Amino acid sequence: MSDVWQLVHAERRALIAFLEGVDDARWDTPSLCPGWRVRDVVAHQISTANTTRLGFVKGMILARFDFDRDNQSGVDRELGPAPQMLDRFRALVDRTSGPPAPQDTRLVEVVVHGEDIRRPLGVVGDYPAVAVERALRLQARTGKGMGGAKEHVAGLRLRATDADVTIGDGPEITGPLLALLLVVSRRTVALGELSGEGRNTLAERVS
């Protein structure tokens, strides 16, 4: 699915361009990922871009099949001064390798983590609707144990107000496509952008 990689590569370049204008001290701003700074999320992006299927399996074995521990190992490995991290990120921007998972997980990665970085720095990203929609649909059908949101959205209807996208049945939750993706991915910073009779149920589940 070369179109997925085209979207991923474009978003990596956009994030690098944004980060080039952020001074090193602000890289230590807390991100939307609990316990991770902006710097840590960037390191995670670099680590993920550099991951191969075999490397993922080896990393999980070393982490004793603890997904969070494996992620943290990747972050620790890639941390450094901002200029050095950006150089490494640029060198990997066109990579098409990744963990053994559906390719649309790469869209979840670049969009959600893009906002994990941008929003604490006072910016909201501008992403292609197709990338956000595909990421949202993947999250809606993937279980929490695999990093998805299937249990969060069960019995609810998600309807985007800025795109022709509707997912699920039940009490409705409406809002911008990006806000829906962020909230089902447990980024509650975007809850204020949502409305509808199902909003409180979703809020309870993701909190």
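Val132 is in contact (heavy atoms within 4.5 Å) with Val111, Tyr127, Leu177, Leu178 and Leu181, leaving aside its neighbours within four places in sequence. The model is predicted: local features need pLDDT of at least 70, side-chain atom pairs count only at pLDDT 80 or more, and totals for chains, interfaces and linings use all residues. Residues are numbered from 1 along each chain as its sequence is written, and side-chain values use heavy atoms, with hydrogens and water left out.

Val132 belongs to helix H7, residues 129–141. Helices (H or I, at least four residues) and strands (E, at least two) are DSSP runs, numbered from the N terminus. The relative accessible area of Val132 is 4%, so the residue is buried. Buried means under 20% relative accessible area, with a 1.4 Å probe and protein chains only. Val132 and Leu181 lie 49 residues apart along the chain, yet 7.2 Å separates their C-alpha atoms.

The chain holds ten helices and three strands. Their order from the N terminus is α-α-α-α-α-α-α-α-β-β-β-α-α. The three strands form an open sheet in the order E2-E1-E3, with mixed pairing. Strands E2 (166–167) and E3 (172–175) are the edges, each pairing on one side only. Pairing requires at least two DSSP bridges between two strands. E1 (residues 157–160) pairs with E3 in the parallel sense, over four bridges. Leu158 stands opposite Ile173 in E3.

Of the 207 residues of the chain, 50% count as buried. Among contacts between residues at least 6 apart in sequence, 62% join residues at least 24 apart.
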